[in-house]
Amino acid sequence: MTYEMASSFWGPVTSTTEWCEENYAYSSYIAEFFNTISNIPCILLAFIGLINALRQRFEKRFSVLHISNIILSIGSMLYHASLQHVQQQSDETPMVWEVLLYMYVLYSPDWHYRSTMPTFLFLYGAAFAILHSQVRFRMGFKVHYALLCLLCVPRMYKYYIYTREASAKRLAHLFVATILLASMCWLLDRSFCEKISKWSVNPQGHALWHVLMGFNSYFANTFLMFCRAQQLGWGPQVKYFLGLLPYVKINKPKAQ
């Protein structure tokens, strides 16, 4: 939904999509205030995951995965703060890159040709970035992103059914619950914006999507770290930071 403002730092809106939040309602520097600041929890969660991955010397793929979550959240902040097309690309392109990283983490353990998968995924990500910089996708981007996510589902399910630990399965349950709740918030925000805008209080469905997806990514990464540690014989355990936030603690053999 478009709102006209007398003055703004970023100028006229050039992005292909706006969300159900009044533009520049709280600051002339931030177009969508709640959609911007709601990325902060995502960055904090990814940073916690990164510290854990580095401290326990997990494989570099997990550090890169957490860093990609941070980059994506920063890109999302720039997009919602400015509603400019270039900044929109800094949100949408990392979304695709991140899914490609998940595909690598999920499928690489059983891939016999070690160099082919990362090479293909890198070239695919680079080609998409170039194409996306030249073409303004609308529904096409959403369909493309959804298809890439669906390619990850069979492997995630395989990891789930082969995991016996109840604590690890709980991580998978949290992953599914958060993505369902987040999707509901996203759909309600997009489908009923005209009605929501007339309410005295906007529930900020897209901002809730950001927060829930931040937790979703954290639970996904933690679950995958557990599964990979099991594959490597590192004796993983799910512990809780401050009794609330789950993380994986490993016990590597001394030779490693």
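Okay, helices first: a helix here is a DSSP run of H or I with at least four residues, a strand is a run of E with at least two, and both are numbered from the N terminus. What you see above is a predicted model, where local features need pLDDT of at least 70, side-chain atom pairs count only at pLDDT 80 or more, and totals for chains, interfaces and linings use all residues. Residues are numbered from 1 along each chain as its sequence is written, and side-chain values use heavy atoms, with hydrogens and water left out.

So, take helix α6, residues 139-162, where Val143 sits. Is Val143 buried, exposed or partly exposed? Partly exposed, because its relative accessibility is 42%, and that class lies between buried, under 20%, and exposed, over 50%, with a 1.4 Å probe and protein chains only. Val143 also belongs to a nonpolar surface patch with Met139, Leu147, Leu150 and Val153, about 490 Å² of accessible area together. Patch members need over 30% relative accessible area and no salt bridge; nonpolar side chains are joined within 5 Å, like charges within 9 Å. The salt bridge cut-off is a Lys or Arg side-chain nitrogen within 4 Å of an Asp or Glu carboxyl oxygen. Areas are Shrake-Rupley, 1.4 Å probe.

On a 1 Å grid over the protein atoms alone, a cavity is where a 1.4 Å probe fits but cannot get out; a pocket is an open set with protein on both sides within 12 Å along at least five of seven lines, and lining residues have an atom within 4 Å of a point. Volumes are the space filled by probe spheres set on the points.

The second largest pocket holds about 240 Å³. Helices α3 (60-82), α4 (85-107) and α5 (116-134) each give its lining at least two residues. Among the lining residues are Arg61, Trp97, Tyr104 and Phe122. By class, that's 10 nonpolar, one polar and one charged, with Gly counted as polar and Tyr and Pro as nonpolar.

How many cavities of 30 Å³ or more are there? Two. The largest has a volume of about 40 Å³, and α2 (40-55), α9 (205-231) and β2 (245-249) each give its lining two or more residues. Asn52, His66, Tyr218 and Pro246 are among the residues there, and the lining has five nonpolar, four polar and no charged residues.

The second largest cavity comes in at about 30 Å³. Helix α9 supplies the largest share of that lining, three residues.
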